[in-house]
Amino acid sequence: MYPRVTISPELREWILATTRAGHGVDDVLRLMKENGYDPRQSRSIVAEVMKLPLAALHANTGKPGGLRTRHPEAPEVVIDGRTIGIPVSVDAPALRVLDGLLSERECADLIELARPRLQRALTVDSEGKQQVDHRRTSEGMFFRAGETPLVATIEQRLAQLLGVPASHGEGLQILHYGPGQEYEPHYDWFDPALPGYDKLTARAGQRIASVVMYLNTPERGGGTAFPEIGLTVTARRGSAVYFAYEGGDQSSLHAGLPVLQGEKWIATHWLRERPFGQGSRH
């Protein structure tokens with residue numbers, strides 16, 4: 001976590017004077033980085049001083065023209081005759097709990113398709129390479145985009161629900177957590193301050209949203225916690241949590257809580273600004 005920054009009068013005046021002199025926000029952020037300011041803190045500071053929406057600055061972390069998701073609106077959305085309930089809506093981060101996104105049969109079939117292919121779940125390091133991370137103790141696998149009719153159906157359902165073509169999605173990831181396993185607090189977006197950022201985003205841009213779909217109901221534990229907003233979403237078979245971010249929204253910090261009894265199966269789908277294609281999986 002990064003501590004909240006107090007904006008000194010001198011820094012505030014420097015930002016205003018620099019922009020009045022004809023320099024853009026990108027120049028201000030670059031100069032702040034060169035002088036030792038953390039890029040995420042810098043965006044928050046500049047947004048406050050300039051009275052700009054933080055999302056507008058986050059959007060600048062990707063290349064121009066990137067898509068953004070449409071946030072489903074309560075109380076429910078109907079996709080291809082399927083009613084998806086929205087019992088919980090949050091503005092920051094943009095977050096929706098989605099009831100009935102998957103049927104019981106779809107959940108069971110995804111688990112059985114994934115089970116033989118499970119391996120220790122990996123994360124992406126600062127150079128864009130996959131690594132074992134002590135914070136993530138689950139096992140998992142990736143489906144290729146549209147690999148099976150079921151996978152293609154779910155990808156299309158999410159595309160219609162969120163208003164972003166299925167081509168912008170990374171491969172559907174299935175994760176399995178046993179008793180005591182968890183994923184400690186983390187962000188899904190790629191940090192622009194990391195040396196591998198350009199490589200990670202060169203093809204498809206920044207991640208813009210996540211959908212975590214629950215394929216079973218653990219006996220105890222296993223929810224998804226959002227500590228910055230004091231919310232825990234209960235893992236319930238067939239439901240999901242969708243949340244969007246603009247490449248730096250710290251309120252999107254989240255964690256897969258430890259499974260206290262039983263097991264947990266989830267399907268995770270990440271969306272990008274531009275088409276993802278069929279290359280490496282993150």
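**The whole chain.** Begin with the entire model, which is predicted. The protein chain holds 7 helices and 17 strands. Of its 282 residues, 51% are buried. The chain exposes about 12,900 Å², and carbon and sulfur atoms supply 52% of that area. Consider next the contacts between residues at least 6 apart in sequence: 72% of them join residues at least 24 apart.

**Helix α5.** Select residues 104–114, which form helix α5. Which residues of this helix are buried? They are Glu106, Cys107, Leu110, Ile111 and Ala114. Turn the view to look down the axis of α5: the buried residues fall within an arc of 135°, so they line one face of the helix. The spacing follows a general rule: an α-helix has 3.6 residues a turn, so residues three or four places apart point the same way. On the other side of α5, select Glu104 and Arg105, which are exposed.

**The cover over α5.** Now display what lies over the buried residues of α5. The cover includes helix α6 (149–162) as well as the strands β7 (139–142), β8 (173–177), β10 (207–214) and β17 (264–272).

**His269.** From that cover, move to strand β17 and select His269, which has its place there. Is His269 buried or exposed? With a relative accessible area of 2%, His269 is buried. Follow its side chain to the backbone oxygen of Glu170, which it reaches at 3.2 Å. Finally, show the residues that His269 touches beyond four places away in sequence; among them are Glu155, Leu158, Leu172, Val211 and Met213.

Terms used:
Residues numbered from 1 in each chain as written. Predicted model: local features only at pLDDT ≥ 70, side-chain atom pairs only at ≥ 80, totals over all residues. Heavy atoms only, no water. Helix = DSSP H or I, 4+ residues; strand = E, 2+ residues; numbered from the N terminus. Buried < 20%, exposed > 50% of the residue type's maximum accessible area, 1.4 Å probe, protein only. Contact = heavy atoms within 4.5 Å. Areas by Shrake-Rupley, 256 points an atom, 1.4 Å probe, with all protein chains shown as cover. Arc of directions from axis to C-beta. Polar contact = N/O pair within 3.5 Å; in protein donor to acceptor, adjacent residues only side chain to side chain.
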